[in-house]
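Me: I have a structure open and want to learn how to read it. Can you take me through some features, one at a time?

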Amino acid sequence: MLEIKELKAKIEDKEILKGLNLKVNPGEVHAIMGPNGSGKSTLASVLAGREDYEVTGGAVDFDGKDLLDMSPEDRAREGLFLAFQYPVEIPGVSNINFLKTAINEIREYKGLEPMSAKDFLKLVKEKKALVELGAELTNRSVNEGFSGGEKKRNEIFQMAMLEPKLAILDENDSGLDIDALRIVANGVNKLRTKDNAVVVITHYQRLLDYIVPDFVHVLSGGKIITTGDKNLALELEDKGYDWIKEQEGVS
Amino acid sequence: MSTEKDFVVRSSPSLNGADQAVFKALRKESELSLASLTLPSTKDEYWKYTRLNKLGKKNFSTEETKTAHPQKEAFTERVITIDEGHFSDGLNEEKLKVFPIEQLGQFPGLVPHFGKQQRHNEHYFDALNTRSFNHGFVIWVAQGFDARELEIQEHFNTESKAYQHRYLIVLEKQAKLSLNHRIISNSKGQFINALMETVVSESAQMKLNLIQELSEESSLIETVYCEQKDNSDYRIFTASLDGELIRNNLNINVIGEHCETHLNGLSLGRAQEHIDHHTVVDHKLPNCESHENYKGIFYDKSTGVFNGKVFVRQEAQKTNAFQSNQNIVMSDDAKVYSKPELEIYADDVKCSHGSTTGQFDEEAIFYLQSRGIGIQKARSLMVHAFIAELTEKLDNEAMRSYLEERIEDKLSKSI
């Protein structure tokens with residue numbers, strides 16, 4: 001589904017990704033861990049198409065298409081979803097209008113008729129239950145005045161509404177208490193199918209107790225330096241990143 | 001001096017049927033004022049950011065012609081169309097009268113209100129209008145009468161023509177009126193100098209929606225005076241949508257207690273358009289409140305000017321006055337000059353003012369894109385969100401959706 005080959009990217013002359021390789025198949029959950037500044041969030045941003053980053057080498061294939069060649073909106077329309085580390089507040093744009101516009105823009109791209117108001121409301125009702133999001137939050141402006149936990153739940157709610165093929169969760173556990181973490185993780189788990197995939201970017205092993213990964217990758221110095229199963233995350237929690245850097249001979 | 005004199009002549013239509021005795025004295029005084037006043041230049045503090053050089057040099061036709069104009073769907077059921085200054089039908093009811101200003105002399109009770117607020121001694125365009133107006137309307141609403149919503153569509157149809165139009169609105173005690181005054185210019189190169197005087201008597205309520213739509217290369221100077229008496233409520237909304245140059249002068253004189261005043265404005269500039277709002281709210285007596293909220297979006301090489309002044313006089317204790325001006329500049333070449341001013345002489349008041357000018361939050365645009373929303377649509381959502389605070393206050397659904405359509409249309413031409 002997603003194949004990243006030798007990806008290199010920089011921001012303002014600073015090279016951050018230095019030849020990254022990753023392959024994600026349908027039905028899989030991948031966790032990407034790594035120390036601060038290793039390039040985790042850069043990877044998420046580059047995949048979503050944020051303009052600040054310049055891709056200087058490599059290729060990304062998304063279901064047979066050149067992902068890097070697409071605008072951010074087309075990536076989303078092709079089924080890529082990024083759950084933001086810092087969801088943006090947009091005063092004056094209601095959550096509902098925002099999602100309706102998004103769904104219909106995606107449908108138009110696929111040559112489908114706009115969704116009827118009735119079907120849309122039914123979908124909202126069904127999906128917001130997944131992340132225990134109250135009616136008052138769905139009616140408000142996008143993320144405006146939401147608590148940290150509400151913002152993260154709103155990200156997963158949007159993911160549920162848009163049903164992406166590939167979801168990238170960028171540190172969605174940061175700033176969450178244990179209950180909110182459980183709600184967010186449960187939401188993600190309920191959305192898993194054999195046809196979609198999830199990439200979880202996180203600092204901590206904690207989230208991986210709830211969203212169990214098939215693969216754990218360690219990103220350091222702009223490359224993936226090792227890959228293992230869920231036990232690798234436990235070992236990292238125990239021994240820290242220096243241990244793995246030493247093992248792999250990366251300084 | 002000669003050029004100023006010349007501009008007066010060039011921009012003044014013949015009085016034709018508007019040379020009634022009731023106007024004579026003021027016209028003469030204004031003529032005298034014009035001998036010493038000059039066409040404002042950027043050296044005048046009050047006109048610092050609005051250049052009139054180009055306007056001053058233009059040649060205008062002042063002939064009376066009757067031409068067809070495109071139909072504009074009205075926002076409300078009751079509509080009066082004024083075509084090149086000529087009325088379709090007025091209203092002559094017992095408690096509500098709408099008639100051409102040329103007939104003011106037939107209503108002796110209203111004559112004393114005429115010319116009371118304009119300042120021909122000080123302001124060039126006031127003097128020019130008072131000397132030269134030949135058309136316009138008068139609205140009178142009787143005591144305690146609710147005149148509900150009324151639309152006046154004024155069509156200006158002749159190319160390169162100068163218009164001097166004059167309006168007088170008098171609301172007696174406890175009267176109510178909601179007026180949509182639409183200035184629609186249908187040919188290019190026009191100059192419209194419009195002046196309105198308004199009396200909102202005790203406990204009366206007036207809503208005025210000014211919708212300004214000018215054709216290419218046309219300019220509008222619209223000056224509104226309003227006098228508010230005890231317990232009155234006055235709300236004005238100005239939408240400046242098109243025009244080479246639009247200058248709005250609003251002067252609200254609050255001479256009663258317990259009054260409420262709302263001034264809202266929306267500017268949408270593209271190409272080389274220049275939109276200027278100068279407002280004055282003068283609180284003279286205690287226990288009043290005023291709210292001012294102006295928003296502008298400027299594309300291309302357009303310019304926005306906001307100068308809002310609120311006076312709180314020494315006697316005007318317990319005044320609440322709030323003022324806000326927010327602008328979005330959509331290009332590197334668009335300019336905004338914003339100057340909110342408060343002059344407070346009383347000590348027990350609540351006043352605030354603020355002004356922001358910036359660009360759209362790129363992070364918000366990216367967020368919308370990352371959910372599959374195209375860049376154009378994302379910008380349009382942001383524009384609508386920005387102005388929603390103003391459009392949501394309009395209780396006329398048709399007007400609201402018309403404005404939103406026009407904004408959408410303008411947006412698509414600018415990006």
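Reply: Start with A:Gln85. A:Gln85 has 19 other C-beta atoms within 10 Å, so it counts as partly exposed. A residue is called buried if 20 or more other C-beta atoms lie within 10 Å of its own. A:Gln85 sits in the loop between strand S6 (80-83) and S7 of chain A. Keep in mind that this is a predicted model.

Me: Which residues is A:Gln85 in contact with, leaving aside its neighbours within four places in sequence?

Reply: The contacts are A:Ser41, A:Asp170, A:Glu171 and A:Ser174. For another distance, take A:Phe146. A:Gln85 and A:Phe146 lie 61 residues apart in sequence, and their C-alpha atoms are 14 Å apart in space.

Me: How far should I trust the coordinates?

Reply: Where pLDDT is low, predicted coordinates should not be read in detail. For chain B, the mean pLDDT is 93. In that chain, 97% of the residues reach 70 or more. The model as a whole scores ipTM 0.95 and pTM 0.85.

Me: Now helices. How do I describe a packed pair?

Reply: Two packed helices are described by the angle between their axes and the distance between the axes. Take helix H5 (residues 362-369) and helix H6 (residues 375-391), both of chain B. Their axes come within 9 Å and cross at roughly 125°. H5(B) and H6(B) are therefore oblique to each other. The crossing of H5(B) past H6(B) is right-handed.

Me: Which residues make that contact between H5(B) and H6(B)?

Reply: From H5(B), the contact uses B:Ala364, B:Ile365, B:Leu368 and B:Gln369. From H6(B) come B:Ile375, B:Ala378, B:Arg379, B:Leu381 and B:Met382. Sorted by class, the residues of this contact are 7 nonpolar, 1 polar and 1 charged.

Me: Is H5(B) enclosed by the rest of the structure, or open?

Reply: Count its buried residues. In H5(B), 6 of the 8 residues are buried, so the helix is largely enclosed by the rest of the structure. The buried ones are B:Ala364, B:Ile365, B:Phe366, B:Tyr367, B:Leu368 and B:Gln369.

Me: What covers the buried residues of H5(B)?

Reply: The cover includes H6 of chain B. It also includes two elements of chain A, helix H2 (72-77) and strand S7 (90-94).

Me: That brings in the other chain. How many residues does each chain give to the contact?

Reply: Chain B gives 16 residues and chain A gives 19. On the side of chain B that touches chain A, the elements that give two or more residues are H5 and H6. H6(B) gives the most, with 6 residues. By class, this side of chain B has 9 nonpolar, 4 polar and 3 charged residues.

Me: Last topic: backbone angles. Where do I find a positive phi in a residue that is not a glycine?

Reply: Look at A:Glu132. Its phi is positive, about 50°, and A:Glu132 is not a glycine. A:Glu132 lies in the loop between helix H4 (117-130) and helix H5 (135-139) of chain A. A:Glu132 has 13 C-beta neighbours inside 10 Å, so it counts as partly exposed.

Me: And in chain B?

Reply: B:Gln174 is a residue other than glycine, yet its phi is positive, near 60°. Its place is the loop between strand S7 (162-171) and strand S8 (176-185) of chain B. B:Gln174 has 18 C-beta neighbours inside 10 Å, so B:Gln174 counts as partly exposed.

Methods: Residues are numbered from 1 along each chain as its sequence is written. Chains are lettered from A and ligands numbered from 1 in the order in which they are written. This is a predicted model: local features need pLDDT of at least 70, side-chain atom pairs count only at pLDDT 80 or more; totals for chains, interfaces and linings use all residues. Axes are lines fitted to C-alpha atoms, for helices over the stretch in contact, and angles run from 0 to 180 degrees between N-to-C directions. Helices (H or I, at least four residues) and strands (E, at least two) are DSSP runs, numbered from the N terminus. Angles under 35 degrees count as roughly parallel, over 145 as roughly antiparallel, 65 to 115 as roughly perpendicular and the rest as oblique. A crossing is left-handed if the near helix is turned anticlockwise from the far one by less than a right angle, and right-handed if clockwise. Two residues are in contact if their C-beta atoms, placed from the backbone, lie within 7 Å. Ala, Val, Leu, Ile, Met, Phe, Trp, Tyr, Cys and Pro count as nonpolar, Asp, Glu, Lys and Arg as charged, and the others, Gly among them, as polar. pLDDT is the predictor's confidence in each residue, from 0 to 100. A residue is buried if 20 or more other C-beta atoms lie within 10 Å of its own, exposed if 12 or fewer, and partly exposed in between; C-beta atoms are placed from the backbone.
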